[in-house]
Amino acid sequence: MTSFLNEKQSEKLNRLALEMSREIGFVTEVSGSGAVALCSVKALNRSLQKDDSTLPAGQIGATVKIKVNKGFVYATVREVKRQESSTGPVEHIIMYLDYLGHGLKAPYLPTGVLFDRGISDFPIPGQMVYETNEEDIEAIFGVTDSTHFNVGTVFPQHVTPASIITDNMLGKHFAVLGSTGTGKSCTVALLIHRLVERMPNAHIIILDPHNEYEAAFESCGEPFDINNLRLPYWLMNFEEHIELFIGLRRTLEREVEIDILRRCLHAARVDAADGLSREKITVDTPIPYKLSFMMKYLEDEMGRLDNPDTLTPYLRLKHKIEELRRDTRFSFMFSGLLAHDNLSEVIGRLLRFPVNNKPVSTIDLSGVPAEIVNVVVSMISRLVFDFAVWSRGRDVRPILLICEEAHRYVPTEDHTIFASTRKAIERIAKEGRKYGVSLGLVSQRPADVSESALSQCGTIFAMRMNNERDQKFVEHVMPEGAKGGLASLSSLQNREALVVGEGVRAPMRVQFDSLDENKRPSSHNPKFSQDWQQDIESNAFIQETIKNWRGQGR
């Protein structure tokens, strides 16, 4: 970039400022992803005083257009600098621009512009840079047909609706990322409400670790918790059986236990099978079996042993099964009533077949015991995927699975208690689109989310992030370059996001609509300044809390 203006350039820019209301400068450098423009401060200031529909172009994130041989190239302002080596009042600035797409004149369209992502005619140095107007922004972002839904307004003028392409967002997965307190839960609730408004017969499941979403979907959702959730133990695959019955300890005895469990489980499934060939039955086949059969099998095997020292793994398995049957916290999985084949009922209730005006299932995991929550999430995720894989015919319907606290269930670490959960959700991320399963990942710690899963998300809603590690990770997994927007992640306001990827026609900064109070998640921060002004005279709430605590229910 030249460090000074010659007289001819200066005269040209000054003439633009005085005579032309839309031209603000011209291109000086071009690359494959963006351009550099030299602009007149007078022209930019003049635009602020106009009463027409042109939009201010001099601030970060603003949209401008470059005249090329075939229409215009639209770009966003990534960085603004003073002209090098200039002194005194600033007269000319340098704008660094990132391409958005190409626009052609189209009188037959309401906006008069046909916008297309990608660049078919690159600018060259010397071509003019213009301000955009509301029609331009509307042509890029404001599509309102039945294949789109609106979630807010586009920065900076906040007039044009921000449109999301429904099939692209859901068909290629999405992620909502941002620091705590930026409005992620409200954003997720907004997305789901807008989807349900457009498609009342949707099938949406939310894995809710903090019981935030039940209140948000009271009118259109079916809530599940440990009091009404029924996940039969026999629905677990072999890996989940290992995690629950044996655990993750790395010892030689563990391998012996795994072998015993494999033989025991296979025998139990074969014994319970009705009408299936033994050769087709595996330890993963979802056939209802009886825990009593497993207990008898273990006792029979122990009776055949000559060396008492070899009894330990059998006894450990037997005691674990007895413990799970006795513990009332696990009754939603190990109740005797779940020994029969109720798989059809489980699938119908969780996946909303039929919908019955409640297309959303909110699964409250806050009451699930910590030692079993990994298995529960794995079972639900795998149930969604396996059902989609094996379903065929005209009645097949796509399913959306929302995973809150994704860093917990799909961690970067391989050796955690969530190994089976990570495997189940990563499989949806990699293969779900082939079978009509969409995945939504939500996290305030994206750097701790499995890159394998997050990189499969075609649309990313990136909210404010103050952690540099998270910012760099998000930049790494972004489905397309958006340097200007990424640089502004730390300065986004609450309820604002940079939306990038397949679900939008071009990267855009969005201010989300505000939801009605009855549609928001119950995730409000405590108001210390108010709550600590008043004393509590009665301790009745302590007794109520203890009752809920002991009864494992609210």
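Why does phenylalanine 418 count as buried? Phenylalanine 418 counts as buried because its relative accessibility is 10%. Buried means under 20% relative accessible area, exposed over 50% and partly exposed in between, with a 1.4 Å probe and protein chains only.

The model is predicted: local features need pLDDT of at least 70, side-chain atom pairs count only at pLDDT 80 or more, and totals for chains, interfaces and linings use all residues. Residues are numbered from 1 along each chain as its sequence is written, and side-chain values use heavy atoms, with hydrogens and water left out.

Aromatic contacts come next. A search of the whole structure gives 12 aromatic pairs. Rings of Phe, Tyr and Trp (its six-membered ring) pair if their centres lie within 6.5 Å; planes under 30 degrees apart count as stacked, over 60 as edge-to-face and the rest as tilted. Tyrosine 409 and phenylalanine 418 have ring centres 5.5 Å apart and planes at 80°, so this pair is edge-to-face. Tyrosine 409 counts as buried because its relative accessibility is 0%. Tyrosine 213 and phenylalanine 217 form a stacked pair, because their planes lie at 25°, with the ring centres 6.4 Å apart. Both tyrosine 213 and phenylalanine 217 are buried. One aromatic cluster is made up of Phe174, Phe461 and Phe512.

Charges also meet rings. A charge sits over a ring if NZ of Lys or CZ of Arg is within 6 Å of the ring centre and within 35 degrees of the ring normal. The charged end of arginine 509 sits over the ring of phenylalanine 155, at 4.1 Å from the ring centre. The charged end of lysine 65 sits over the ring of phenylalanine 72, at 4.6 Å from the ring centre.

On a 1 Å grid over the protein atoms alone, a cavity is a set of points where a 1.4 Å probe fits but cannot get out; a pocket is an open set with protein on both sides within 12 Å along at least five of seven lines; lining residues have an atom within 4 Å of a point. Grid points are joined across faces, edges and corners, and a volume is the space filled by probe spheres set on the points. The structure has 1 cavity of 30 Å³ or more. The volume of the largest cavity is about 40 Å³. Ala, Val, Leu, Ile, Met, Phe, Trp, Tyr, Cys and Pro count as nonpolar, Asp, Glu, Lys and Arg as charged, and the others, Gly among them, as polar.

Strands S4 (72–82) and S5 (92–105) each supply at least two residues of that lining. S5 gives the most, with 3 residues. Helices (H or I, at least four residues) and strands (E, at least two) are DSSP runs, numbered from the N terminus. Two strands pair if DSSP finds at least two bridges between them. S4 and S5 run antiparallel and are joined by 10 bridges. In this pairing, phenylalanine 72 stands opposite glycine 103 in S5. Strand S3 (residues 63–67) pairs with S4 in the antiparallel sense over 5 bridges. Lysine 67 has phenylalanine 72 in S4 as its bridge partner. The hairpin of S3 and S4 has 4 residues between the strands, and there glycine 71 takes a positive phi near 80°.

Strand S16 (residues 459–462) is covered on both faces. Thr459 and Phe461 are buried on one side, and Ile460 and Ala462 on the other. Strand S10 (residues 174–177) runs parallel to S16 and is joined to S16 by 4 bridges. Alanine 462 in S16 is the bridge partner of leucine 177. Strand S17 (residues 496–501) runs antiparallel to S16, again with 4 bridges. Isoleucine 460 stands opposite valine 500 in S17.

The largest pocket has a volume of about 670 Å³. It is lined by 26 residues, of which Gly181, Gly183, Lys184, Cys186 and Ser523 are the closest to its centre. Helix H5 (residues 184–198) gives the most to this lining, with 5 residues. The lining of the largest pocket has 6 nonpolar, 13 polar and 7 charged residues.
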